[in-house]
Amino acid sequence: MIIQNGRVIDPVSGMDQIMDIQIQGTRMISIGKTADAAPDEEIIDATGLVIAPGLIDVHVHFRDPGFTYKEDIMTGANAAKRGGYTTVVCMANTRPAIDTPETLQYVLEQGNTTGIHVLAAAAVTKGLGGQELTDMQQLAAAGAAGFTDDGIPIMDEALLKAAMREAGRLQLPISLHEEDPSLITNNGIHRGRISQALGIGGSPSEAESSLVKRDLELACETGAILNIQHISTKEAVEAVRLAKVRSQNIHAEATPHHFSLTEDAVLQYGTLAKMNPPLRTETDRQAIIAGLQDGTIDLIATDHAPHSTEEKNKPLTEAPSGIIGLETALALGITNLVRPGYLTLSELLEKMTAGPARLYHLEAGSIREGVAADLVLIDEDEVWTVGEFASKSENSPFKGMKLYGKVKYTICNGQCVYRDL
């Protein structure tokens, strides 16, 4: 395959120029001006398109095993392809949880059939119960990319400290969901002006920031590779900023919904704007954007969380939290970060490619000769309306919204796995 005349943006090297990329087998063999194509060689004309490394999402829920009426590994992967993702990391809160090599192997084997790289983080505690650590060494040997009890905070400080030490010894990241349940009444809505108007207790900022501060301290003490998941408050952003001075192993992720929306979205979209942690205030949203700008937040992750229409149609206090995000993430970044001038396109792509690759020690996230041909081709100026989804679910507040930036091709291991026809 030869991709011709595209604007190649590589966040790692800083490359940003019109070039051709030649692919042979699974790898890029030439970046520059290529020779004439062989008779049987596929040519993609990328004139007017950006060629970037395939996107990497460190935080997805494919609901398989156990909740496949919401999503399964194949439909989740199809949503990823449509969004420009070539690598995803599945969370462990399936049923059964990914706390044994057998369940982990199931996810990885199913992922191998999808055409993209489907990795999985294993659970920190058995059954996500927060009481007893999994055999982290055994899970690492079986292929776990990292460890997380995402969806459930780990409240036992001594247990978490032991988990951090073991994850650090294994040199694998530990990713934490930071919400203290003792401070929350009716989660999924920020405790503030909107929750008060609705008569719902909600989740205060302190529920996140208190645990973030505790866990950053533990990570600095143990040397663990820590990822603070789906950061949502200005206090947590500032805590991460300070901790990064002390440890190079601190990472934090922001979701497109947290840098795009505020608590006011709950009034407009109802349960489609309900998530954990919740949408916060405009001050918090701006703090997240500032954290993305200065590198405090080095990852953009979707927290792709499919739910059925029936579940989301329940009353606000009963419906599950979470939205899908793989198919809209890049466009939301272009629309709400790049076009307003907060980030350059290269800076946005860095947080969706090279940054995630660094966290998980992946040979991915860059464009260079000899590495796997994982690429996304983007029309950054195309305006499109969010409509039908490749995901099995459609729980998104962005449905019907006009966004900038359309994925035109997704290429993984040298194969075109998605094209926008």
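In this predicted model, Glu382, Lys406, Lys408 and Asp420 are joined in a network of salt bridges. The count of salt bridges in the model comes to 25.

| Salt bridge | N to O distance |
|---|---|
| Lys161 and Glu221 | 2.5 Å |
| Asp215 and Arg214 | 2.6 Å |
| Glu238 and Arg241 | 2.7 Å |

The salt bridge between Lys161 and Glu221 connects distant parts of the chain, the two residues being 60 residues apart. Lys161 belongs to helix α4 (residues 157-170), whereas Glu221 belongs to helix α6 (residues 205-222). Lys161 counts as partly exposed because its relative accessibility is 25%, a value that lies between the limits of 20% for buried and 50% for exposed. Glu221 is likewise partly exposed, with a relative accessible area of 46%.

The pair Glu238 and Arg241 has another setting. Both residues lie in helix α7 (residues 234-246), and because they are three residues apart, about one helical turn separates them. Glu238 has a relative accessible area of 35% and is therefore partly exposed. Arg241, at 25% relative accessibility, also counts as partly exposed.

Strands of a sheet pair through backbone hydrogen bonds, in either a parallel or an antiparallel sense. Here, three strands form an open sheet in the order β6-β7-β8, and their pairing is parallel. Why is one side of β6 and of β8 left without a neighbour in the sheet? Strands β6 (55-60) and β8 (117-120) stand at the edges, and each has a single partner strand, so one side of each has no neighbour in the sheet. From one strand to the next, the twist averages 20°.

Strand β7 (residues 85-90) pairs with β8 in the parallel sense, and four bridges connect these two strands. Within this sheet, Cys90 has Ala120 in β8 as its bridge partner. Helix α2 (residues 101-111) lies across β7 and β8.

Definitions and conventions. Residues numbered from 1 in each chain as written. Predicted model: local features only at pLDDT ≥ 70, side-chain atom pairs only at ≥ 80, totals over all residues. Heavy atoms only, no water. Pairing = 2+ DSSP bridges. Axes fitted to C-alpha atoms, helices over the stretch in contact; angles between N-to-C directions. Contact = heavy atoms within 4.5 Å. Salt bridge = Lys/Arg side-chain N within 4 Å of Asp/Glu carboxyl O. Buried < 20%, exposed > 50% of the residue type's maximum accessible area, 1.4 Å probe, protein only.
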